[in-house]
Amino acid sequence: MSGPINHARAKISKIFNGEPQSYTRFNLAPNTDGDNSHVEVKLSTEMEEELDLPETGRRHAASPPTQRHLCTSRNMVYVVLGVLLIFVTGYLVGYVSHRKPIPSHESEAVTCLPTPVEQSKDEGVVVQKPEPTLDWSDITGMLRSQLLPINFVETLREFSMNNHQAGSKGDEELANKVLDIFKSLRMDPWNDEHYVQLQVPLRDNINKVFLGSEEVGSPQGFLAYSASGSKQGRVVYGNYGKLEDLKYLKDVGIDLNGTVLLLRTGEISLAEKVANAAKFAAVAVLIYPEIDGIYNRNIELYGHVHLGTGDPYTPGFPSFNHTQFPPTKSSGLPEILAQTITADMARKIFEKMDGKEAPDSFRGTLLNSYKLGGSNSMVTVLVNNSKVHTRIHNVFGVIKGFTDPDRYVVIGAQRDSFSWGYAKSTVGTSLLVELAKAFTKMIKDGFRPRRSIVFASWSAGDFGSVGATEWLEGYLPSLDRKAFTYISLDGAVSGGEQFKASGSPLLHTLLQETLNEVKIRAKNDRILYPRFDVVDFQTKVLEPMKMEDGAYPFLAFSGIPSISFRFIGASSQYKYFGTPLDTKENLDIATGQRVGDFCVSVAQVAGQMALRLVHDHLLRLDVTRYTNLIRLHVAKVKSSLAPFEKSTQLSALWLISAVGSYRRAADTLLNVAQNSDLEDAETCRQINDYIMRVEHNLLSPYVSPRDVPFRHILFGSGDYTMTALQDHLKSIRTTEAADVDFLRNQLALATWTIQSCANDLAGDVWVLDNMI
């Protein structure tokens with residue numbers, strides 16, 4: 001018995017691990033049992049040349065048969081040869097006559113179903129039924145017909161709610177609505193439950209702010225994850241709290257050690273403001289909303305100050321109920337107090353402040369004169385926030401692919417909000433639901449995606465993408481090789497003058513092509529981008545992805561190519577985020593009463609991108625777009641390192657060489673893709689697997705994801721990133737003191753992360769050259 005088994009294993013080993021072949025053609029037929037598909041394997045010899053594989057031994061000729069299997073009659077030999085000749089000739093004629101042309105990227109046909117195969121029990125003849133197809137223009141037309149402004153208006157009304165903070169009854173009610181819709185669409189819905197630690201003020205011991213002995217107020221707004229306690233110090237006005245703002249104060253002789261910083265909203269996140277204040281040794285931070293044209297000075301402000309994402313008390317661990325957590329917390333939690341106050345409270349403090357006159361860049365609209373603060377104005381901040389164990393639910397639905405169902409794009413939106421959160425969460429949830437309805441209707445009308453589409457409704461987004469991050473932490477091994485893109489719908493409509501996007505360079509080409517097809521319009525009805533080249537696209541549309549972006553943990557933590565986009569007003573910041581003023585009425589004003597129209601445009605962009613990713617034979621992830629970005633960072637490193645090369649005995653040579661390795665590997669893969677048989681399922685899957693690993697390979701393998709969660713060397717945060725390396729070189733130029741060993745480590749980590757990414761992109765280990 002062991003003989004036949006070993007023989008079978010040897011055959012399988014030869015097929016999948018043996019001699020290099022051009023490509024492996026898989027002819028998929030549906031299995032009536034529903035689990036696995038019959039696979040017919042046909043091997044060729046062209047892939048060796050396309051992938052530039054080294055020459056290896058070819059398949060040996062078959063051993064001659066034994067004498068007992070030979071026919072002694074010469075006539076029988078002729079008969080057998082004649083039958084074989086007829087069979088081979090008939091097979092070749094049938095193959096040539098039925099072979100389909102390779103579709104182009106613009107008009108590529110959609111395979112509606114795995115090709116049905118019928119087999120005659122008597123004759124053993126395989127007959128393939130004709131394959132129904134849809135053109136790309138048919139698919140986009142189907143999508144447009146399903147996305148109507150009136151549908152969005154109705155869905156927005158259904159999901160609009162005042163109180164739906166994470167874990168509340170309102171949040172669960174919305175979750176059940178989404179779940180019911182996914183059920184009605186037969187999307188095999190499920191929910192993912194997490195037990196997280198959120199931070200909220202105590203009801204019986206509210207937060208307070210005092211100016212001297214006078215109580216300025218007891219704000220209802222709060223900043224989750226602030227330190228707790230009471231601190232007193234001189235109040236100093238620090239503008240937006242950017243590093244350059246605080247450095248200015250230091251330069252004009254204001255010592256920030258032990259002070260209470262008064263800051264206004266805008267420019268950077270609330271968490272960054274508090275982190276910057278801590279760097280200058282402030283003991284507390286007060287943040288107020290300064291909103292132009294708003295006369296209600298008592299508007300409360302809500303937010304969080306965790307410089308990270310997810311549950312900060314379980315960093316790197318998924319917050320499942322059965323998990324035994326170690327006594328740890330995120331390094332992004334602040335050690336100082338942080339509290340929001342109303343504009344009216346801030347005005348009371350400003351009126352008692354003295355000191356130097358603030359520069360013009362520090363002036364706002366709250367009052368006529370701004371002082372930086374002196375020694376007489378003492379402020380006391382009392383923060384009594386408490387950790388609360390909260391159960392939250394993420395809700396999912398899936399449209400399964402018909403060729404590669406285990407590969408999927410994820411489309412997600414935050415569902416919760418501290419208050420109304422109309423632009424922050426209601427719009428995104430409505431977009432998610434309407435796209436799910438549109439795609440399922442397209443399936444009924446004949447569209448068959450090759451890959452799957454997962455729809456995700458997240459909870460606890462206002463606390464720092466907690467629901468999404470916990471899901472990533474819980475299922476990272478599964479998502480690593482299967483989820484190839486994340487599309488965020490958070491805050492997708494907050495104005496009508498500009499369209500902005502941030503995301504992985506792998507998705508830039510796809511977004512640019514999509515915008516050229518969709519022809520989105522601004523509030524004044526002009527077409528925003530009739531057509532633009534790469535330079536215009538980068539300057540007019542793209543902007544850096546921030547940590548508070550809903551797509552950030554997917555990109556920087558999980559290494560999944562991610563993107564978010566949004567309609568915004570003339571200024572980049574929607575002034576009502578985080579306040580009870582984020583309502584339907586204010587969003588209507590911001591969009592010129594055209595929220596539904598802008599929802600349609602955003603849905604078309606998100607929908608077309610997702611459809612391209614699940615429709616085409618090859619994933620529309622452009623690996624060559626990373627070449628220029630990596631080059632740009634390395635050029636800055638080389639320029640900054642040049643003055644210190646002799647004194648430190650360090651060079652950017654190996655880093656430059658690693659960039660060259662990546663460029664060659666990316667160009668080679670692109671050439672292979674352009675010259676491959678797109679009708680060959682296995683070839684496409686192999687190329688797609690190489691493409692999918694690029695983003696993940698840019699996560700530094702040399703740091704712990706628990707200690708340093710955002711390991712992406714280009715978009716992450718930490719000493720191992722390219723930005724940190726550049727900042728270190730800048731500081732050396734200023735202080736003229738270099739930590740050579742630390743700098744050497746930074747160069748090595750960056751070099752080998754890029755080189756490892758290039759090696760994996762280039763192919764299997766036996767085709768790699770040790771060029772570095």
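Mentor: What follows is a talk about salt bridges, a strand residue and aromatic rings.

Trainee: What should I know about the model before we start?
Mentor: This is a predicted model, where local features need pLDDT of at least 70 and side-chain atom pairs count only at pLDDT 80 or more, while totals for chains, interfaces and linings use all residues. Residues are numbered from 1 along each chain as its sequence is written, and side-chain values use heavy atoms, with hydrogens and water left out.

Trainee: How many salt bridges are there?
Mentor: The count is 32 salt bridges, each being a side-chain nitrogen of Lys or Arg within 4 Å of a carboxyl oxygen of Asp or Glu.

Trainee: Which residue does Asp406 form a salt bridge with?
Mentor: Its partner is Arg685, with the closest N and O atoms 2.7 Å apart. Asp406 belongs to strand E16 (residues 404–414) and Arg685 to helix H20 (residues 681–697), so the pair ties together parts 279 residues apart in sequence. Helices (H or I, at least four residues) and strands (E, at least two) are DSSP runs numbered from the N terminus.

Trainee: Is Asp406 buried, exposed or partly exposed?
Mentor: Asp406 counts as partly exposed, at 28% relative accessibility. Buried means under 20% relative accessible area, exposed over 50%, and partly exposed in between (1.4 Å probe, protein chains only).

Trainee: What about Lys584 and Asp588?
Mentor: They form a salt bridge whose closest N and O atoms are 2.7 Å apart. Both lie in helix H15 (residues 584–590), 4 residues apart, about one turn of the helix. Lys584 is partly exposed, with a relative accessible area of 40%, whereas Asp588 counts as buried at 11%.

Trainee: Which residues do salt bridges with shared partners join into one network?
Mentor: The network consists of Asp404, Asp406, Arg407, Arg685 and Asp689.

Trainee: Changing topic, where does Val236 lie, and what does Val236 touch?
Mentor: Val236 is in strand E9 (residues 229–237) and counts as buried, at 0% relative accessibility. Leaving aside residues up to four places away in sequence, Val236 touches several residues, among them Leu249, Ile254, Met353 and Leu372; contact means heavy atoms within 4.5 Å.

Trainee: And how many aromatic pairs are there?
Mentor: The count is 29 aromatic pairs. Rings of Phe, Tyr and Trp (its six-membered ring) pair if their centres lie within 6.5 Å; planes under 30 degrees apart count as stacked, over 60 as edge-to-face and the rest as tilted. One of the pairs is Phe182 with Phe455, which is tilted, at 6.4 Å centre to centre and 55 degrees between the planes.

Trainee: Where do Phe182 and Phe455 lie?
Mentor: Phe182 is in helix H6 (residues 169–184) and Phe455 in strand E17 (residues 451–458), so this pair links distant parts of the chain, 273 residues apart. Both Phe182 and Phe455 are buried.

Trainee: Why is the pair of Trp471 and Tyr475 tilted?
Mentor: Their ring centres are 6.3 Å apart and their planes are at 50 degrees, so the pair is tilted. Trp471 is buried, with a relative accessible area of 7%, while Tyr475 counts as partly exposed at 31%.

Trainee: Last one: which residue lies over the face of Tyr313?
Mentor: Lys387 does, at 4.2 Å from the ring centre. A charge sits over a ring if NZ of Lys or CZ of Arg is within 6 Å of the ring centre and within 35 degrees of the ring normal.
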